[in-house]
Amino acid sequence: MAGPVPELEARAEACADRLREADKVLLASHIDADGLTSAAIASRALERAEVPFETVFKKQLDETEIASIAACDYETVLFTDFGSGQLDAIGAHEEAGDFTPIIADHHQPAETETAFHLNPLLFGLDGASELSGAGAAYVLARALGGEENRDLAALAVVGAVGDMQATDGELLGANANIVAEGVEVGVLDTGTDLTFYGKQTRPLPRLLEYASDVNIPGISNSERGAHNFLSKLDLDLKDGNEWRRWVDLSLDERQTLASALLKHAISRGVPADRIQSLVGTSYTLATEDEGTELRDPSEFSTLLNATARYDRADVGLAVCLGDREGALDRARKLLSNHRRNLSDGLRWVTEEGVNREEHIQWFHAGDRIRETIVGIIAGMAVGADGIDRGVPIFAFADKTDEPEEVKVSARGSPALVRKGLDLSVVIGEAARSVGGDGGGHNVAAGATVPKGKEQAFIAEADRLVGEQLS
């Protein structure tokens, strides 16, 4: 049976053949949700193919980290969810005979090429919206193990959703092909539902209060407003003294609540296009327990972000690979801490405000926000008071392990991308202009720059965004 992404099939087969020839493989992956799911897909596929391997995770892939990988003395290194943008440094080690690289990535490639490079951007597909790192790893897994590995489609969807690849809530292009395979083998379900985050785990008032992607006056960001709205519905929404969750409601109850919500939004003047976005395609991990974080790709990806971003990639990987006891318990504790940090960081940003240039806005958190979550907080802050939803946002945070450097993350929106924004280009060129380096996607990107060069970086980034959006 043909693979899920025909454009990549020949390259995927070549990469798979090379992996089968390896005596042992070092699997190196990124630490976000897309990176963790990429690693899980690749490790399960390697295990099933009986290819010996070891796994390492990296917060970033620079020359120092690539040198440390070369020092591990593996003849074959499989990079997942990074590697394309660092092909210059990787290629130097390949030429020196240190290792043979195999790359399953979706980020903007460097100009250097290598034989075993699986990236949608090389074949006319959009790596920001059509195929994630986990999707590239899935394509490789299918080439490595055939139909046996179609059950890994669920993890690929978690990676894509975690990488913000859902366009207006829906996975498109090659991602949709992977969804179809997951549905066919029974690991995924799709439907039409509210697009709110937290339908599996949040009590109904919190589900509505924190659903801020679309601001619904009188409900969004208002605990009292959410309670008042729910109390007026002719529904039994409590189980004893506890509020029920969306997942606890019957289909009729969901339809009644959703209809009332839409009518409320219309009455409060919410624009029609925003109202339409309240309902969209839903994805469910069919084999996971209902009412858990693992049932919903968005909640699953948040759980994963709460592990590796706090130096516990091993926990996130174990959850992806099926540990539903010790690892899941540890992940949930990390998630609780992660949510506190996000809440504290978001509060700090909204209280301190942002600096505004002609074309961009930015803030510098210093050591107040962890470098591994500053990009998440930047994205969450967009739309808050004083933070413009229609302008790209850049966020700085100190690097704990490199005191002479700072991390910078940038976030845009699909609407800005449609107007010409490409943050991968902006952040890469601006970082290199001050002696740093970076990359990513058109809608989200990151870099490392020397401390003290932030203002020069911002000036160049502002100029580049202005050119793109002019």
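Asp388 is partly exposed, with a relative accessibility of 31%; here buried means under 20% relative accessible area, exposed over 50%, and partly exposed in between, computed with a 1.4 Å probe on protein chains only. The side chain of Asp388 meets that of Arg356 in a salt bridge with an N to O distance of 3.6 Å, the term denoting a side-chain nitrogen of Lys or Arg within 4 Å of a carboxyl oxygen of Asp or Glu. Because Arg356 lies in strand 10 (residues 355–356) and Asp388 in the loop between helix 15 (374–381) and strand 12, the pair ties together parts that are 32 residues apart in sequence. Arg356 is likewise partly exposed, at 47%. Helices (H or I, at least four residues) and strands (E, at least two) are DSSP runs numbered from the N terminus.

The model is predicted: local features need pLDDT of at least 70, and side-chain atom pairs count only at pLDDT 80 or more, whereas totals for chains, interfaces and linings use all residues. Residues are numbered from 1 along each chain as its sequence is written, and side-chain values use heavy atoms, with hydrogens and water left out.

Strand 12 itself is mostly covered, 5 of its 6 residues being buried. It runs parallel to strand 11 (residues 361–364), to which 4 bridges join it; two strands are said to pair if DSSP finds at least two bridges between them. Within this pairing, Trp362 has Phe394 of strand 12 as its bridge partner.

Asp401 forms a salt bridge with Lys59, the closest N and O atoms lying 3.9 Å apart.

Across the whole structure, a search finds 22 salt bridges. Another of them joins the side chains of Glu293 and Arg332, at 3.1 Å from N to O. Glu293 lies in the loop between strand 9 (279–285) and helix 12 (297–308), and Arg332 in helix 14 (residues 326–352), so this pair ties together parts that are 39 residues apart in sequence. Glu293 is buried, at 11% relative accessibility, whereas Arg332 is partly exposed, at 31%.

Helix packing comes next. Helix 1 (residues 9–21) and helix 5 (residues 133–145) pack at an angle of about 60°, with their axes 8 Å apart; axes are lines fitted to C-alpha atoms, for helices over the stretch in contact, and angles run from 0 to 180 degrees between N-to-C directions. Contact, meaning heavy atoms within 4.5 Å, is made by Ala12, Glu13, Cys15, Ala16, Leu19 and Arg20 of helix 1 and by Val139, Leu140, Ala143 and Leu144 of helix 5. These residues divide into 8 nonpolar, no polar and 2 charged, where Ala, Val, Leu, Ile, Met, Phe, Trp, Tyr, Cys and Pro count as nonpolar, Asp, Glu, Lys and Arg as charged, and the others, Gly among them, as polar.

Helix 6 (residues 153–162) is largely enclosed by the rest of the structure, because 9 of its 10 residues are buried. Among the buried residues are Ala153, Leu155, Val158 and Gly159. Helix 6 is followed by Met164, which has a positive phi near 60°.
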